[in-house]
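Have a look at the sequence and the fold below, and keep both open while you read. The briefing starts with one loop and then moves out to the rest of the chain.

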Amino acid sequence: MQRFHHHRFSDTQALADLKGSQRVSVCIPTLNEAATIGAIVTAIRREHIEKSGLVDEILIIDSGSIDGTCRIAAAAGATALLSAEILPAAGTYRGKGENLWKALHAAKGDIICYLDGDIENFQTHYVTGLIGPLLTDPETDYVKAYYERPLYDGNGSHSSGGGRVSEILVRPLLSLFYPNLIGILQPLAGEYAARRGILEALPFPTGYGVEIAHLIDLAEQGRTDRIAQTDLVRRIHRNRSDAELGSMSFAILKVVMRRLARDGRLRPGMPLPDLYQSWGFEGDEVTQLIQMIPEPERPPISSGGLLIAVP
């Protein structure tokens, strides 16, 4: 699984030349992102549409914002669409994955670049860093971002600590059941790009489980060697409340549990690994962290035993 730094793809015009007849769509799911969406769209339009021609369209797929998100995005140069109005015969759900799936129907691109709409420190290398591997390597089909995610609390900013759902829920699940995906540094990153044909062959959970579902399904299809990752350095966005993260975790866990059942990875009496793997970020350095966590169980005292053998 290849890893790149976005600097490798800093020659935007060279990427535009490599694009040839392919079309590139940047798709951004939104819900009340008025504070950030204008700057994101403006930067992409100026640098990647007007200056280099690398990007062919910017689509905003909106869940019904009430803060002017669509108006601001359209004024900045995007095509703003309501998710509920795309494929109305298919019905509609309110959720991130739904917007990404609807975007795939509305976009004209052969390469789809998904970005979140709440990025406060957006820079245009987000786009080049994600689509660069697809344009330079025909063996790469899907590119995930990774970065430091600062966490803000009452005492200011911490360079690490963001991505709490990834650290507390997703990495443990991957260690237990999908160790071939441990190498994905930011499994829930909302910034990624892929070839249209790959995306069209994947199911899209309608909520926050969409990103982890893609990775698991690509792994089950034997495509992990066609996934690349690009270091975008740092991502700043609003930190969500514990209640919001709880809801997000519930949706992600449902999606993972469905796949565990589908893939036969969770059965009665099945032994579970003791190895827990995670990652540490310090500037440009990425360090793999490994722990053994056996967690055996003591029996009820009334049983007279000393230890329950836990597989």
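Leu-272 sits in the loop between H9 and strand E11 (275–282); helices (H or I, at least four residues) and strands (E, at least two) are DSSP runs, numbered from the N terminus. With a relative accessible area of 35%, Leu-272 is partly exposed, where buried means under 20% relative accessible area, exposed over 50%, and partly exposed in between (1.4 Å probe, protein chains only). Pro-294 is 22 residues away from Leu-272 along the chain, and their C-alpha atoms are separated by 9.2 Å.

This is a predicted model, in which local features need pLDDT of at least 70 and side-chain atom pairs count only at pLDDT 80 or more, while totals for chains, interfaces and linings use all residues. Residues are numbered from 1 along each chain as its sequence is written, and side-chain values use heavy atoms, with hydrogens and water left out.

**The whole chain**

- The protein chain has nine helices and twelve strands.
- Its radius of gyration is 21 Å, close to the 19 Å that the globule rule gives for 311 residues, so the chain is as compact as a globular protein of that length. The radius is taken over C-alpha atoms, and the rule is 2.2 Å times the number of residues to the power 0.38.
- Along its principal axes, the C-alpha trace spans about 75 × 45 × 40 Å.
- Buried residues make up 50% of the 311 residues in the chain.
- The chain exposes about 14,400 Å², and carbon and sulfur atoms supply 54% of that area; accessible areas come from the Shrake-Rupley method with a 1.4 Å probe, and for residues only the protein chains shown count as cover.
- Among contacts (heavy atoms within 4.5 Å) between residues at least 6 apart in sequence, 73% join residues at least 24 apart.

**The largest pocket**

- About 840 Å³ of space lies in the largest pocket. On a 1 Å grid over the protein atoms alone, a pocket is an open set of points where a 1.4 Å probe fits, with protein on both sides within 12 Å along at least five of seven lines, and lining residues have an atom within 4 Å of a point. Grid points are joined across faces, edges and corners, and the volume is the space filled by probe spheres set on the points.
- Of the 41 residues that line this pocket, Lys-96, Asp-116, Tyr-208, Arg-240 and Met-248 are the closest to its centre.
- Strand E2 (24–30), helix H4 (96–106), helix H6 (164–177) and helix H9 (242–262) are the elements that give two or more residues to the lining.
- Which element gives the most to the lining? That is H9, with seven residues.
- The lining has 13 nonpolar, 14 polar and 14 charged residues. Ala, Val, Leu, Ile, Met, Phe, Trp, Tyr, Cys and Pro count as nonpolar, Asp, Glu, Lys and Arg as charged, and the others, Gly among them, as polar.

- Lys-96, Gly-97 and Glu-98 are among the buried ones.
- The cover over the buried residues of H4 includes E2, strand E3 (57–62), E5, strand E9 (192–195), helix H7 (196–200) and helix H8 (210–220).
- Ten of the eleven residues of H8 are buried, so H8 too is largely enclosed by the rest of the structure. Its buried residues include Val-210, His-214 and Asp-217.
- Just after H8, Gly-222 takes a positive phi of about 75°.

**Two loop residues**

- Leaving aside neighbours within four places in sequence, Lys-108 is in contact with Arg-23, Ser-25, Glu-57 and Arg-196.
- Glu-33, in the loop between E2 and helix H2 (37–51), is buried, with a relative accessible area of 8%.
- Beyond its neighbours within four places in sequence, Glu-33 is in contact with Asp-67, Thr-69, Gly-117, Asp-118 and Arg-238.

- Most residues other than glycine have a negative phi.
- Leu-87 has a positive phi, near 50°, and lies in the loop between strand E4 (79–82) and H4.
- Val-233 also has a positive phi, of about 80°, and its place is in strand E10 (residues 227–234).
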